[in-house]
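Hi everyone, thanks for coming. Let me show you the structure I have been looking at, and then we can walk through a few parts of it together.

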Amino acid sequence: MVGDSGGMHFSVQDDGVHISMRSPDGTGKQTETMTWEMFYLALATREYLYLYSSRVNAYIIPRSAVGESMDRLESLLAEKLPEHRRKL
């Protein structure tokens with residue numbers, strides 16, 4: 001499952017979320033992989049999905065960037081994260 005939100009590109013896999021974005025100077029890419037164990041909380045609202053890596057830091061993904069894959073993403077989050085770490 002792949003999505004794009006502005007300059008951020010993300011791919012959701014069984015092992016976690018792979019995130020890449022343009023470097024601040026525009027000359028390259030920065031990449032990061034967040035395994036499911038690294039997520040503090042997943043919170044879904046009508047317009048956004050918030051994937052918290054701590055109490056104060058989150059990746060904010062517009063639902064429009066995920067499109068028709070949102071149901072699959074929510075199912076995967078329900079499978080990979082304990083119930084107390086998701087509000088979908």
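**Around helix α2**

The buried residues of α2 pack against β2 (8-13), β5 (41-44), β6 (48-52), α1 (63-66) and β8 (86-87). Before I go on, this is a predicted model, where local features need pLDDT of at least 70, side-chain atom pairs count only at pLDDT 80 or more, and totals for chains, interfaces and linings use all residues. Residues are numbered from 1 along each chain as its sequence is written, and side-chain values use heavy atoms, with hydrogens and water left out.

A few terms: helices (H or I, at least four residues) and strands (E, at least two) are DSSP runs, numbered from the N terminus. Buried means under 20% relative accessible area, exposed over 50%, and partly exposed in between, with a 1.4 Å probe and protein chains only.

So which residues of α2 are buried? In this helix, residues 70-80, they are M70, L73, E74, L76 and L77. Seen down the axis of α2, they fall within an arc of 160°, so they line one face of the helix; the arc is taken from the directions from the helix axis to the C-beta atoms. On the face turned away from that buried side sit the exposed residues D71 and E79.

Now to the strands. β2 and β3 (residues 16-22) run antiparallel, joined by 6 bridges; strands pair if DSSP finds at least two bridges between them. The hairpin between β2 and β3 goes through 2 residues, and Q13 has G16 in β3 as its bridge partner.

Finally, K29 lies in strand β4 (residues 29-35). K29 counts as exposed because its relative accessibility is 64%.

Note on methods:
Contact means heavy atoms within 4.5 Å.
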